[in-house]
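This report covers the strands, cores and aromatic contacts of one protein model. Please keep the sequence and the structure at hand while reading.

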Amino acid sequence: MFVGGQSLYESKRKRHDNIHVFPSSVDAVHFKSARQPGVDPDDQREIPHPRIGFFGVIDERMDMDIVAGIAALRPQWQLVMIGPTAKISPQSLRRAENIHWLGCKQYQELPNYLSGWDVGIMPFAMNEATRFISPTKTPEFLAAGVPVVSTPITDVVNPYGAAGHVEIASNAEAFVAKIDLLLSRPKAHWLSSIDAFLAEMSWDKTWARMMLHIASVGAESKSAREGQLV
């Protein structure tokens, strides 16, 4: 049995005698292309800096109060919000001159958007829907070289927050303080530590480790069957 995050593992590990945790991996090559100057997409080109970005499904897991609060506290910042809406009405999206809901984009397009962002945000609501999530976008933001602030999602706080790779905040005021910090912080040392952290997190390496577990179970089953035949 495989689970996609440490918090989910902790809640399920007593339900199976062969359970393993594999948190989200990352296509680092794809997202690292965002570290190079790219062509700003048409719908982002005219948006001023600083740009504070989010990408992903926009649903009941997003804390809209944090989004609206950041926009109100820092009207000179531009919030670029990318992704389809699900389980919520598009009419429920908070509206302001500096919040830009750009809709769904293709996976191949994401690095061009991230290349133009100064800071990323993961304003997840702290509710039952987010209790066990291990957001794939965490290592994707990092691979893209975009510093990120997140609410205290368990699988983000540990390991990313504990290692200093992601800043953690619980409300709009704290998000603004952390974003201010990231806007002024040099990135060179941070990027070096990020690359070392992500070095073993490719999807290929994750799949290879999963296959070792599957192969070992297959070998045990074969051995058991052969023993029964004897």
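## Aromatic rings and their surroundings

At 0% relative accessibility, Phe31 counts as buried (buried means under 20% relative accessible area, exposed over 50%, and partly exposed in between, with a 1.4 Å probe and protein chains only). Tyr107, at 36% relative accessibility, counts as partly exposed. The model is predicted: local features need pLDDT of at least 70, side-chain atom pairs count only at pLDDT 80 or more, and totals for chains, interfaces and linings use all residues. Residues are numbered from 1 along each chain as its sequence is written, and side-chain values use heavy atoms, with hydrogens and water left out.

A pair of aromatic rings is described by the distance of the centres and the angle of the planes. Rings of Phe, Tyr and Trp (its six-membered ring) pair if their centres lie within 6.5 Å; planes under 30 degrees apart count as stacked, over 60 as edge-to-face and the rest as tilted. By this rule there are six aromatic pairs, and two of them are given here.

| Pair | Centre to centre | Angle between planes | Type |
|---|---|---|---|
| Phe31 and Tyr107 | 5.7 Å | 80 degrees | edge-to-face |
| Trp117 and Phe141 | 6.3 Å | 45 degrees | tilted |

Phe31 lies in helix α2 (residues 28-32) and Tyr107 in the loop between β5 and α4, 76 residues apart, so this pair links distant parts of the chain. Helices (H or I, at least four residues) and strands (E, at least two) are DSSP runs, numbered from the N terminus. The other pair also links distant parts of the chain: Trp117 is in the loop between α4 and β6, and Phe141 is in helix α5, 24 residues apart. Both Trp117 and Phe141 are buried. Ring pairs link Phe31, Phe55, Tyr107, Trp117 and Phe141 into a cluster.

Two charges sit over rings, by the rule that NZ of Lys or CZ of Arg is within 6 Å of the ring centre and within 35 degrees of the ring normal. Lys137 lies over the face of Phe55, 5.9 Å from the ring centre. The charged end of Arg74 sits over the ring of Trp77, at 5.5 Å from its centre.

## Nonpolar cores

A nonpolar core is a set of buried Ala, Val, Leu, Ile, Met, Phe, Trp, Tyr and Cys residues joined through side-chain atoms within 4.5 Å. The largest one has 30 residues, and Phe31, Phe55, Ile82, Leu114, Trp117, Phe141 and Leu142 have the most contacts inside it. Two or more residues each come from β4, α4 (110-114), α5 (137-143), α6 (154-161) and α8 (188-198). The largest share, four residues, is from α8. A second, separate core of 23 residues includes Val67, Trp77, Ile99 and Leu182.

## The sheet

Six strands form an open sheet in the order β5-β4-β3-β6-β7-β8, with parallel pairing; two strands pair if DSSP finds at least two bridges between them. β5 (99-103) and β8 (167-168) stand at the edges with a single partner strand each, so one side of each has no neighbour in the sheet.

Strand β4 (residues 78-82) runs parallel to β5 and is joined to it by four bridges. Met81 stands opposite Trp101 in β5. β3 and β4 pair in the parallel sense over five bridges, and Val80 in β4 is the bridge partner of Gly53.

Is strand β3 (residues 51-55) enclosed or open? Five of its five residues are buried, so β3 is largely enclosed by the rest of the structure.
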